[in-house]
Amino acid sequence: TTSMVHYCEAEYCGAPATKRCSRCAEARYCSADCQRRDWNSLHKYECAGLAAQNASRTNRSSSSSASKAKKPFVPKECVRCRTMVTDENSECRVGHPEAQLEWKGSCTFVGDGPKPEFGYTVDYLCTSCGECIVRKETEAGESHSSGSRTCYRGRHCFHESGISEEDTRRKLIECVLLVQHREGDDFQPQITIDELPDDVESLVIRSVCGHYESNEHFPGLALKRRLPNLKTLRIWDVDMAEVELTDELTPQLERIEIKSSIDKCAERGKIKIVLSELRYFKCDHYTGPGKFLQDMLDAAVELMFFKTYKLYLEDHHELAIRSFCCVKIDLSRAYGLFKLTLATPSLQVLQICGTDLNDIEFQALPKRCTDILHLSARKRYSGKYGDENRSPLRVIADGTHFGPRAEKALQKHPRIDKGSVRAQRANSNSGGAFNIEQFQRMNLANNGGVPAEWTNFLMQNFMENMSQT
């Protein structure tokens, strides 16, 4: 007979186990290092209880109990891979969570062969496991290029206490609404939103089995009700018909993450985000008007992080961020953004990658921002750049073309390392620049979500900027 394979119970390990805890004889490990690490993080809190249970079972066991057949395994849900496990010896595999992938840069390529394909290789960092992966984006779609395909491989976990709170693979404790196209009257996600408990603090609305696209049979969802305790909101791959988040409805909302969800409601003017307590905002894959973004930024005077990826602005080609505590701004692949106004004296990282930016203007904080500061702190945040003794401002501008005004503003900033900006500019201009023929071959108007009516306008503006330099 084949013996059962046990896996190391230490966090992030999952290797075959050859040792066990001498006290409780339950926890198994592959090495002494894993045992010490698991003892400090979890096992010391459960070892005594497991030992007592083991002793109790031993005392109650009779001489004939050893000959009894082992109880059959009852199917359970694994809290790591979130699947129903019917074989306890099967391997647990978890893919990289899309929401945990951070874009780290990209470059264009033209493939070899009789039919060369044009596209990008995109580098991502999985903040869940620390693995670096590379994906290839072409007209045919997205495919895995290099790096591990899995975020975790090892033994299944059937108890939430077996995964630490810091592990981002932990089963979500928040209120999660899974949306998919399903026939019948038993599935009505809008009713579920309307009946959410008033005390919910974290809400996730996400699609399963692809993007939830609204149509005449499956209407978009609306979120415009009062949730006084809501602090975190995530909406991923779900067409929203209307979104209203204000201080009256969600006064404690601090963190918003949106991905491929608000294009249609923004086009109809059915989105309003005006929150004075907003600290973190992330928006991926958005095409539409930019006015609601500016209204949101005007209200968020204590915004700390602002991140967008593949942002396509149809109008309002300027963004102004005014916050005394903003430390990071990430505008990667922001198309249609030609001017950026910053009143951010605490800024430490400015990342503008794959973008054409004509103008950057640094300003002093307006009165509505300084009024909330203590009198003793106002001097630190005065002027265009704040206290010049602060830590340096790091500018990341891979693949970005700056216009003359933007270039001049960066050179005048006292906390920016001018040499690093020039080096990135040189690298960007030495082979990573687009041309109109490549842009058309990429066919972004169909596959990348860029509206066809203003694609030519973007390219014309880009070429004009290149001719000025």
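This is a predicted model: local features need pLDDT of at least 70, side-chain atom pairs count only at pLDDT 80 or more; totals for chains, interfaces and linings use all residues.
Local features need pLDDT of at least 70 and side-chain atom pairs count only at pLDDT 80 or more, while totals for chains, interfaces and linings use all residues. Residues are numbered from 1 along each chain as its sequence is written, and side-chain values use heavy atoms, without hydrogens and water.

**Exercise 1.** Find which residues of the largest nonpolar core touch the most other members.

*Solution.* 
1. Apply the definition: a nonpolar core is a set of buried Ala, Val, Leu, Ile, Met, Phe, Trp, Tyr and Cys residues joined through side-chain atoms within 4.5 Å. Buried means under 20% relative accessible area (1.4 Å probe, protein chains only).
2. The largest core has 63 residues; Leu245, Ile256, Ile273, Phe281, Phe306, Ile329 and Ile360 touch the most other members.
3. Helix α4 (residues 291-299; a DSSP run of H or I, at least four residues) gives the largest share, four residues.
4. Take Ile360. Its contacts (heavy atoms within 4.5 Å) include Leu340, Phe402 and Arg405, leaving out residues up to four places away in sequence.
5. A second, separate core holds 14 residues, among them Tyr120, Ile133, Cys151 and Tyr335.

**Exercise 2.** Work out the strand order of the open three-stranded sheet, and why one side of β20 and of β25 is left without a neighbour.

*Solution.* 
1. Strands are DSSP runs of E, at least two residues; two pair if DSSP finds at least two bridges between them.
2. The order is β20-β22-β25, with parallel pairing.
3. β20 (318-322) and β25 (359-362) are edge strands with a single partner each, so one side of each has no neighbour in the sheet.
4. Five bridges join β20 to β22 (residues 339-343). Leu319 has Leu340 in β22 as its bridge partner.

Note on methods. Buried means under 20% relative accessible area, exposed over 50%, partly exposed in between (1.4 Å probe, protein chains only).
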